[in-house]
Amino acid sequence: MRIPAVLIPLIAAGAFIGPATAQAPTLQMLEQLERGEWEIRFRGGEEPMKLCLRTGQELIQLRHPKANCSRYVVEDGTGEITVQYTCRNMGYGRTNIRKETNRLVQIAGQGSVGSSPFEFTAEARKIGSCR
């Protein structure tokens, strides 16, 4: 069998190593965040909000809190995650969270709540224990 010349660079680069084992995303970066009360300060003048961080995943759906939404993990890194979610009849969102420390993260989100679009950037910081 003759290999087409166009495939030789791909083979040399390891593009055809074989099937990889698929692994479910774990969002471990969120598990490393300290539990407790966090304050989210939005850039652009919106009032800060506080929330009790129990799993870290509370930071994903800031515009759809407590909604039962389906999620798709776009990026699952050790210092940054990106998650897209859809909340049936309520809207959707895409959230990026970048960890600076286990007590400080940067958040960017966009999507819609109902038919109203949203976009924000924020800083979230642990401020104490949950009440």
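A: Cys-130 counts as partly exposed because its relative accessibility is 31%; buried means under 20% relative accessible area, exposed over 50%, and partly exposed in between, with a 1.4 Å probe and protein chains only. This is a predicted model, in which local features need pLDDT of at least 70, side-chain atom pairs count only at pLDDT 80 or more, and totals for chains, interfaces and linings use all residues. Residues are numbered from 1 along each chain as its sequence is written, and side-chain values use heavy atoms, with hydrogens and water left out.

Q: To which residue does a disulfide join Cys-130?

A: A disulfide is a covalent bond between the sulfur atoms of two cysteines. The rule applied here is a pair of cysteine sulfur atoms within 2.5 Å. Cys-130 is joined to Cys-52, with 1.9 Å from S to S. The two lie 78 residues apart, Cys-52 in strand β2 and Cys-130 in the segment after β7; strands (E, at least two residues) are DSSP runs, numbered from the N terminus. Cys-52 is partly exposed, because its relative accessibility is 23%.

Q: How many disulfides are there by this rule?

A: The count is 2. A disulfide also joins Cys-69 to Cys-87, with 1.9 Å from S to S. Cys-69 is in the loop between β2 and β3, and Cys-87 is in strand β4, 18 residues apart. Cys-69 counts as buried because its relative accessibility is 12%, and Cys-87 counts as buried because its value is 2%. With bonded cysteines counted along the chain, the pattern is 1-4, 2-3.

Q: Which residues touch the most other members of the largest nonpolar core?

A: A nonpolar core is a set of buried Ala, Val, Leu, Ile, Met, Phe, Trp, Tyr and Cys residues joined through side-chain atoms within 4.5 Å. Here the largest core has 25 residues, and Leu-59 and Ile-97 touch the most other members. Among the elements that give two or more residues to this core are β1, β6 and β7.

Q: How much space lies in the largest pocket?

A: Rolling a probe the size of a water molecule over the atoms shows where empty space is left. On a 1 Å grid over the protein atoms alone, a pocket is an open set of points where a 1.4 Å probe fits, with protein on both sides within 12 Å along at least five of seven lines; lining residues have an atom within 4 Å of a point. The largest pocket holds about 340 Å³, a volume being the space filled by probe spheres set on the points. Its lining has 13 residues, with Gln-57, Glu-58, Gln-61, Pro-65 and Lys-66 nearest the centre.

Terms used: Helix = DSSP H or I, 4+ residues; strand = E, 2+ residues; numbered from the N terminus.
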